[in-house]
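Have the sequence and the structure open while you read.

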Amino acid sequence: MSTLQIIDLHASVGDKQILHGVNLTISSGEVHAVMGPNGAGKSTLSAVVMGKPGYNVTAGSILLDGREMLGVPTWQRAAAGLHLVMQYPTEVPGVLLNDVLSEALKGRGRDGDIGRLDTLLRTEAARIHFDEKFLDRPLNVDLSGGEKKRNETLQMSVLKPAIAILDELDSGLDVDALRDCARRVMDATREDGLGALVITHYSRLLEELKPSRVHILVKGRIVETGGPELADVLERDGYEAFKNA
Amino acid sequence: MPVLTPDTARSTSNTWPQVREAALERATALPFPTADEEIWRYSRIAELDLASFHPAATVSTITGVSEGARVTHVPASAASVDASLTNLFDGARGNDLFSELNLAHMDVIVVSVARNTVVSQPIVITHTADVDGAMCFPRLVIDAAENSEVTVVERFVSADGVRSLVVPVLDARTAQAARVRYLGINELGTESWLIGQHQSVGQRDSDTLLATVALGGDYARVSTSARLEGQGGNTRQVALYFAGGTQMHDFRTLQEHAAPRTTSDLLFKGAVQDTAKSVYTGLIKIHKNAKGSAAFQTNRNLTLSHGAWAESVPNLDIETNDVKCSHASTVGPIDEDQLFYLESRGVNPDVAQRLVVLGFFDEVLAQLPVGDLAAPLRRQVAAKLSIGGAS
């Protein structure tokens, strides 16, 4: 059982304050959605939790099972159980998926899985209809938007993080790929107890990825938290009602 | 068996000693180059004191000679040689001091392949420059007759700490429809210098690959010039160079199109770490008659340390409109987003850097003419990375 606590998180990029005190707690097996309009700070939140360079945390805390993650290097946050499914996965020419995941598993002390990584990859690829031929491609190079997101989902499935942040999983995805990826995430919450923090614009994704809690992020603050019905309110009324909250 | 080429069919009055003596005379008359000349700009030529070296025989071993290839080794001490060899040097001239010195002192290895002959196995030549204060002048002639095919690997090795100077010349002649694949590997020790030239001339529908991997040496410079004289000819020039410590790798390239519908492609990728330096200057030259030609040139450099320095200067000289040309050049550190991506999977930063650098070089390794060498060369690059160690 793992818990990620984001407490009073303030963060800036350059001179610009983006997050103005975000509070959010998510535990294993749960799906939470963070929804918000453009510029609300959704991507900043995911970048800061993972420790991406270029963001300054000016106040607050990010605790994973009580351990402070701020100041911990990105790779150690990942090894501790945090994972980021990226909105725009980076192309890394000449670097193979297999090599990266081997190193990643080594860092987690999962040497046994390195030996059967090939089988793991093939099994996981089949589950989300990711063509096996892409397994031998350099990371994200010459992959379509949908293939990149399947690749992200595949990596998450193999690495089995405690808590994953899915940053706009639905952007660039067609309906089939969206369903494949979303279902795999839902399965992981049941099979591996994954806690999934789903960041999205649209409620469409939430038809497949069913959240127990929905948080509305506006101007760097969570202005409303509720059950799944909150997404329906958003779908009906838009963000306007929350903008002055 | 004399090799019959248009050159050898012509009669010649040259004798073997005359080739050398004439070159030595020309060399003696030439001034020592300086970094003020554009072609030596950025180089460390001012540090070279030729008088501190003595000419010595090149120590070479040759393996992998299989059926179809004729390999002749003529040491500098040979007083006379077969007329067919003399004919290969009919009118031979160097284009600078070092190529003239090479002609004057050369130890020659000639690889000849008769027409319509495919040599299946790569020929591997290893030159060892392990004598302190010695300079050696290996010259490799690859003479591929019509529709023949051959692959030659030339390795340069010396022990760390040995102050030696290697002045090699590659002279590749790719006849009509022939295929020549060459790979030069610089594995010299920490104190050795290399000042070399690669020259190829391709005839109609020929295909020539000149590949270089430079890892060693203190200062190592290769000028590589690929000339296309027959229509439909094609050349590829690729290089991987990786300098660390206080090393400097220095490349000057020429893609010369002197016939219609010729194509050339060049991909040079380098990395520098610590306080190492690298230079790339490249020229695409398209003559007026080379209509319908295409030439591409790409040079990419990674600077892995703040103290490291890389220069990249691409140039075009095009005399006709009917061509397709492009050049691209970059110098910069490893992409931060690539590192973050790998680190966000839980890969430690040193390993992530190593993976990204090896990935960067993969594009060149994949094009080497001897696929079996890619893995060991990749390991040598990994071992050399001061970040992340080797594994």
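Two strands count as paired if DSSP finds at least two bridges between them. Helices (H or I, at least four residues) and strands (E, at least two) are DSSP runs, numbered from the N terminus. This is a predicted model, in which local features need pLDDT of at least 70 and side-chain atom pairs count only at pLDDT 80 or more, while totals for chains, interfaces and linings use all residues. Residues are numbered from 1 along each chain as its sequence is written, and chains are lettered from A and ligands numbered from 1 in the order in which they are written.

**Chain B, strand by strand**

Let's start with strand E13 (residues 207–214) of chain B. Of its 8 residues, 7 are buried, meaning that 20 or more other C-beta atoms, placed from the backbone, lie within 10 Å of the residue's own.

| Partner of E13(B) | Bridges | Residues facing each other |
|---|---|---|
| E11(B), residues 179–187 | 8 bridges | Leu183(B) and Ala211(B) |
| E15(B), residues 234–243 | 8 bridges | Arg236(B) and Leu209(B) |

Zooming out, chain B has 7 helices and 21 strands, and its C-alpha trace spans about 70 × 50 × 45 Å along the principal axes. Buried residues make up 48% of its 391 residues. The radius of gyration of chain B, taken over C-alpha atoms, is 21 Å, which agrees with the value near 21 Å for a compact globule of 391 residues; that rule is 2.2 Å times the number of residues to the power 0.38.

The contact between them takes 21 residues from domain 1 and 16 residues from domain 2, where contact means C-beta atoms, placed from the backbone, within 7 Å. On the domain 1 side, E11, E13 and E15 of chain B are among the strands that each supply at least two residues. E15(B) gives the most, with 4 residues. That side divides into 15 nonpolar, 3 polar and 3 charged residues. Here Ala, Val, Leu, Ile, Met, Phe, Trp, Tyr, Cys and Pro count as nonpolar, Asp, Glu, Lys and Arg as charged, and the others, Gly among them, as polar.

**Where the chains meet**

How many residues of chain A are in contact with chain B? There are 22, and they touch 21 residues of chain B. Which element supplies the largest share of the chain A side? That is H3(A), with 5 residues. The chain A side holds 13 nonpolar, 5 polar and 4 charged residues.

**Inside chain A**

Chain A has an open sheet of 6 strands with mixed pairing, in the order E6-E9-E10-E3-E11-E12. Strand E6 (82–85) and strand E12 (221–226) are its edges, each pairing on one side only. E6(A) runs parallel to strand E9 (residues 163–167) of chain A over 4 bridges, and Val85(A) stands opposite Leu166(A).

Helix H1 (residues 42–50) of chain A is largely enclosed by the rest of the structure, because 8 of its 9 residues are buried. Those buried residues include Lys42(A), Leu45(A) and Met50(A). Gly51(A) follows H1(A), with a positive phi near 80 degrees.

Conventions
Buried ≥ 20, exposed ≤ 12 C-beta atoms within 10 Å, placed from the backbone. Contact = placed C-beta atoms within 7 Å.
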